[in-house]
Amino acid sequence: MNGVGLERVTVLAGGVGGARFTRGLLARLAVTAPDAAVTVIVNTGDDMWLDGLRICPDLDTVMYTLGGGINEAQGWGRPDESRRAAAEITAYGRGWSWFTLGDLDLATHIVRTDLLRGGSTLSDATEFLCRRWQPGARLLPMSDQPIETHVCLAENIDEHAAGDYIHFEEWWVRYRARVAITRFEQRGLAEAVAAPGVLEAISEADLVVLPPSNPVVSVGTILAVPGVREALRSTVARVVGVSPIIGGAAVRGMADACLHTIGVETSALAVGRHYGARSAGGILDAWLIDETDAAALPALAAAGIRSAAVPLWMTDLPATTAMAAAVLGLVAAN
């Protein structure tokens, strides 16, 4: 296939990894399937209120990355940022000193919050923000209802006691996921529904891709939205995943700590099995792993998951575009 014949492609994305992979996918499709429509369903489980503003880290990272406004060095936020407003907020004794918002980035949060308080849904607000950035794909939040991931601490730390719940971002950013936790809790999930267009983007796609995003708190949270997993299992599209684990280590971030918490080994094989083959009730038709993990190919095949091993380091756009080409190649070979 290599992109030829694709009309609708859907990506289930977290933040940096999902954003960078999607950028490579768009670059590849621009050559092989320029008329393909791409929809990115983005995790909103990291969302939170801070300083009176609604912060959507993954939505913003995907929007900035695809729209050419990302800080490439850190993978999130805007380039050439200043922190004057954050410093003033701190001087008032408010905010989180470990989670500072850049002055340019604040504008996005202010506009989004104004729209939400004016009655817009998160989908509406996202569409409005994307009019400026022109990401080249349709960005959809996984749900318009607020969903926030919290973690249960297994030990005392600072002002928190063992058994307390803190927001995922505090565990991730403040503590760098180095504090033991016992579980994740997605608050608001029971009342949430998939945002308009999400289930249709999956069921009507020719190809669905799970990029190298965190399989627990990014892709995993999207899968937990009612109807999403079922839509993946029933879609006529091929569902292809890209491993976020290379050589037994997370490509980015602290996904190993998340996997450990849910009892999954940090390996490309284990994450592939965690998602599972569609033929056995899981969600994958195919799974792309790094060449250093090629020894796992027979075990993945035995699990009913068609796989291939290629370089998966997203060192630059050409490398990421090559990864996207490999995904399309897996679909063509299936």
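**How many nonpolar, polar and charged residues are in the lining of the largest pocket?** By class, that lining has 19 nonpolar, 15 polar and 11 charged residues. (Ala, Val, Leu, Ile, Met, Phe, Trp, Tyr, Cys and Pro count as nonpolar, Asp, Glu, Lys and Arg as charged, and the others, Gly among them, as polar.) Keep in mind that this is a predicted model, where local features need pLDDT of at least 70 and side-chain atom pairs count only at pLDDT 80 or more, while totals for chains, interfaces and linings use all residues. Residues are numbered from 1 along each chain as its sequence is written, and side-chain values use heavy atoms, with hydrogens and water left out.

**View 1. Here is the largest pocket, with a volume of about 1000 Å³.** The lining has 45 residues, and Val16, Thr61, Trp76, Trp172 and Arg252 are the ones nearest the pocket's centre. Helix H1 (16–32), H2, H4 and helix H6 (168–174) are the elements that each give two or more residues to this lining. H2 has the largest share, with five residues. (Helices, H or I with at least four residues, and strands, E with at least two, are DSSP runs numbered from the N terminus.) On a 1 Å grid over the protein atoms alone, a pocket is an open set of points with protein on both sides within 12 Å along at least five of seven lines, a cavity is a set where a 1.4 Å probe fits but cannot get out, and lining residues have an atom within 4 Å of a point. Grid points are joined across faces, edges and corners, and a volume is the space filled by probe spheres set on the points.

**View 2. Now for the largest cavity, about 80 Å³ in volume.** A search of the whole structure finds two cavities of 30 Å³ or more. Among the residues lining the largest one are Leu50, Asp51, Arg94, Trp96 and Phe99. Helix H3 (residues 84–91) gives the most to this lining, three residues. Seven of the lining residues are nonpolar, three polar and two charged.

**View 3. The second largest cavity holds about 30 Å³ of space.** Leu59, Asp60, Met63, Arg112, Thr126, Leu129 and Leu139 line it.

**View 4. H2 packs against helix H4 (residues 103–117).** Their axes are 12 Å apart and meet at an angle of about 120°. (Axes are lines fitted to C-alpha atoms, for helices over the stretch in contact, and angles run from 0 to 180 degrees between N-to-C directions.) That makes H2 oblique to H4: angles under 35 degrees count as roughly parallel, over 145 as roughly antiparallel, 65 to 115 as roughly perpendicular and the rest as oblique.

**View 5. Seven strands form an open, parallel sheet in the order E5-E2-E1-E9-E10-E13-E14.** Strand E5 (138–141) and strand E14 (306–310) stand at the edges with a single partner strand each, so one side of each has no neighbour in the sheet. The twist averages 20° from one strand to the next. Strand E2 (residues 37–42) pairs with E5 over four bridges, and isoleucine 41 stands opposite leucine 140 in E5. (Two strands pair if DSSP finds at least two bridges between them.)

**View 6. Three strands make an open antiparallel sheet, in the order E7-E6-E8.** Three bridges join strand E6 (residues 148–153) to E7. Valine 151 has isoleucine 166 in E7 as its bridge partner.
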